[in-house]
Structures are given as C-alpha cells and as structure tokens.
Amino acid sequence: MRAAVPFPRLLILRPVNTRQCRRVHTVKASQTATEASKLHTNRSACSEILRIRNSLLSRERTAVEVAEEYLTRLQQTEPYIKSFLYVSDTVLADAEEIDRRLGRNEDVGPLVGVPVAVKDNLCTRDMPSTGGSRVLEGYRPPFDATAVAKLRQSGALLIGKTNLDEFGMGSTTEGSAFQVTSNPWDSSRVPGGSSGGSSAAVAARQCAVSLGSDTGGSIRQPASFCGVVGLKPTYGRVSRFGLMAYASSLDVVGCLGSSVMDTAILLGAMAGNDKLDATSSKTEVPDYAAKLVPVEALDSKPLKGIRIGVIRETMGDGVDSGVMSNIQTSALRLEELGAAVTEVSLSSFPLGLPAYYVLAPSEASSNLARYDGIRYGCQVPADDLESMYGSSRAKGFGQEVKRRILMGTYALSAGYYDAYYKRAQQVRTLIQRDFSKALDGNDILISPAAPTAAYKIGDKVNDPLSMYAGDIMTVNVNLAGLPALVVPCGFVKVGESDLPVGLQMIGSAFEEGRLLQVGHIFQQTLQNLSFEAPLPKK
C-alpha cells in the first residue's frame, strides 16, 4: 500500500462530470446580517447529508454524480492537504449500486450516497487499516469496525481512510508514519490531531462527513483548528469494536461534519449497544436529528431555561487572548439567545493533564504489546524470538509511540504503581465528582476547545511537553467519560491568516441530544461568518 495517494487510480481513469455539481450556500463575511439570516433559514443547504439525500431521492442527481463531485475536489486539493492515506477504488462502483437501488425504489438508509471518510485506526474490510503506523503497513482486516458497518448499512459511501498521528498518539498529525497533513485554512499549519486527516478532509470538502476517534481531544481539537463541528460521544455510546485500542477506558468513536445537523445524523446512525463490545451502553438511542429545530421555527429566546457554566480554569493564563475573546463573545451570544450564563469553578481541572498522561500511556503500553511481529504487521527476521520482538517493534513504531510505551511501562512498574498510576486514578475520580457537581447546577459547561489556534507545522514536533499542554482543554472530558461538542465560533488573525476557533460544549452522560440542540441553535444564529476554507492555498 502506498502511504499517500495523491492521484488514486480511481481518480485518473474516469473523467468526472462537474456540470451538475452544485455548491451549498454559505454566509460570507461581507454579507449583511439580514442576508445571513435569510440564508440560514434554509436548513437543508446547511446540512451536506440532507442536501445529498434530498437530491438523490428527488432524482435531481445520481449517486455517481455526487461521488464524482467529491472525488474531483479530492483530486484538486489532496496535493496540498494530504488528508488521505488511502482512497477506495470502489467508490464509483458502490455509487452505481446505490443508483440501481434507488431506481428499484428500494428502502435506503439516512446516509444514502453520502461520501464518508474514515480515520485509519478504524478497521475496514475492503481497505488497508494501518493506524498511521509502519507496524501495520499493508494490513487489511477481514472485518469492519461496528461503527463502519453501521454506516454501510445506512447507505453511506466510504470514500477512503484518513491520516492520523500513529495509533492516535499526538495532537498535530505530524506523528503519522506516512505523511504530514496540512490545515486547509493555511497549509503551513497543522490541522490538529490525532484526527487531523478526518477534520481536514471535511474542511477541504473532500468528503461530506468523517469518522474520528477521541482519547483525549483527538476529535475536538482538530475540529477547532479546521473550523468544523466535532462530536465526542459519551463513553459507551458508540461501539469500540474494530477501533485500534490506544487507551481502552478513554477511547471513543465520534464524528466530524460541517454542521451540527450532520453530526447528529451521523451519531444516530452509528450509536447503540453492540454485543461485540462489552463497554457499549444499552441506553436507548434517541432520534437526535429530529429534535433539532430549524431557525425559522425559533422564537427570540430559544435557549430560555438553559443553564450554561463557563469553566473559570479554562479562561486564564496560557490561553491565547484571541481565543478567549471569541469564547467570551460566544457566551454573550448564548445569553442573548435566552440562556442563563454563569461562571463555574472545577478545582480539579488543572490536575487532568498530568493524570491523563499517566493513565493513557499506561493503557497504551499494555494495548500495543500485541504488535509483536508474529501475528500481523512489520516483522524483522532474527535468530531468536526475543530479538525478533525487539527489532520488529523498534522498526515498526515511531518515536512518540515508543515514548508513551516507555512512560506507561514505567508508571505501571512495581516500585512506582502507587505513586503514579494509582494516584492518577484517584485524580480521575475527583475530576468525575467535580464535573458531576458542576452539571447538577448547569445543563452545559463551555470552554475553548484548544488554548490556541492552529500553529505552524514543525513548531512543536521536538517539544512533546508543549504539545501535551495543548490538550488541557479536552482531556478532562475523557477522564470523566462525558459527551462534548465543538462548534466553530469565530476567528483569530495570525500573520496573514484568519484561523478558526471552536467553542467546546460539555454535557452530562448520554445527553448528546441537549448538546446538539444548543449547538444547532448557536450555529444557525451565527451571522457574517463563513467557515468554508479558502482552497487551495499553499
């Protein structure tokens, strides 16, 4: 398997008909508030999934035409962005089959014909699944991850596998063994990580929506950096079967899209109990999308009765002033919409980062023991078994993965278990209690999704502690197992670039519906802002 596929065979063999490709309307910064409001009343235009589904069901377009539109854009932008590790060679054939089913008036799912990208740490039976690591280069699993299988059953068109930091360990996507992904807003900057490929692909309109995974912010931080919507569900809401394990008590499969509506539809399609994952919840899955109210049906105070707490510890030292200004403006906007906004304190919040970087590497050191060069992946011939283990892992793993394995093994060692791992678990309990107490008095908590906007590629590659510090806004949510939604809320000016900033909304366990409702109202009422990246730019 080639690491990068800038011009996949699929994209160069068939001419693409772009005459019938239509663009979704977005609100440009130069438009007046009245014009913006008028555009925002068209909810089907703001949801890529609904736009595609409606055009197929009305026979306005075919699934092949939709696929060709996205493949053309992927071909045009991939040399700059490098979001994909693999592009499926069956996309057009799969689209033709969807058209035949539609022609027979067969029952089709909610994601019929929607191009979906999948993070490469989720197993796919018909495409390589490498986890961004040389140790699994060329590996093709014989099964789909449950989340992927559910999307197929819903009619989705899987367009390819996206780049990531190796096994999800990183915050920039520079940790991939194969290539570095660029931010569509400025190709000299990182897209975030570890789901950087999935977020960049949505921002570059290479796919309609994408799947990612979130262990300590790996969906939410890149969503903020790339100006897209990112949803981390409650732990257990979506099956982890087929997700390559990093830290099993923290890993969550989630989704990214250009609108809150799209993430609601995607979550509804893949959530639910799974007999193949003992940690998946049996809690009923509501129809998330059906409860999202269109802007024309809103009254002047649609958030009246909603209590929102701004986390004090996320609005101080270490947070960029431009980021803080956007969050404060967003809080005022929520207040204008009727919400009661107050400040809350989570005293254990600063303790989350060090606790996370004990617990996650500890679990990783155990989970990654399976990559030994025997069963699959990279194998280095040696004279004895122990040498083969060591050589295969040394060659197959990158520097960051090795670093975290060593950190985790040290924390779990006999002389240090109580001092590090046990104490980190105690801190985790404190964090869970603080969140529970804060959410007893508030429906939603808000904070920045990241302390800064996207930074330059290479800025932190040799400074892992600085990179780890960027996770401070997100890791606590994983330690508590709670759902969180990131919605683009504004921009900061950095040099010549306008870079997006995301607002993080945190809710109680299995309260994704409330987060999506508030996020949907907030996104619909944002005026004079366009979160469509100016492509291509290098």
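**Labels and their cut-offs**

Tutor: Asn 105, which follows H6, has a positive phi, near 60°. Residues are numbered from 1 along each chain as its sequence is written. The model is predicted, so local features need pLDDT of at least 70 and side-chain atom pairs pLDDT 80 or more, while totals for chains, interfaces and linings use all residues; side-chain values use heavy atoms, without hydrogens and water.

Student: What makes residues 91-103 a helix, and how do you know that the span of H6 agrees with its 13 residues?

Tutor: A helix is a DSSP run of H or I with at least four residues, numbered from the N terminus. The expected span is 1.5 Å times one less than the number of residues. For H6 that gives 18 Å, and the end C-alpha atoms are 18 Å apart, so the two agree.

Student: Which residues of H6 are buried?

Tutor: Buried means under 20% relative accessible area, exposed over 50%, partly exposed in between, with a 1.4 Å probe and protein chains only. In H6 the buried residues are Val 91, Leu 92, Ala 95, Ile 98 and Leu 102. They cover an arc of only 110° around the axis, so they lie on the same side of H6; the arc is taken over the directions from the helix axis to the C-beta atoms.

Student: Why is helix H10 called largely enclosed?

Tutor: Ten of the eleven residues of H10 (residues 260-270) are buried, so the rest of the structure largely encloses this helix. Among the buried ones are Asp 262 and Thr 263. Just after H10, Gly 272 has a positive phi of about 130°.

Student: Why is Cys 378 called buried?

Tutor: Its relative accessibility is 13%, and the cut-off is under 20%, so Cys 378 counts as buried. Cys 226 is buried too, at 0%.

Student: What makes up the lining of the second largest cavity, by residue class?

Tutor: Four residues are nonpolar, nine polar and two charged. Here Ala, Val, Leu, Ile, Met, Phe, Trp, Tyr, Cys and Pro count as nonpolar, Asp, Glu, Lys and Arg as charged, and the others, Gly among them, as polar.

Note on methods: Helices (H or I, at least four residues) and strands (E, at least two) are DSSP runs, numbered from the N terminus.
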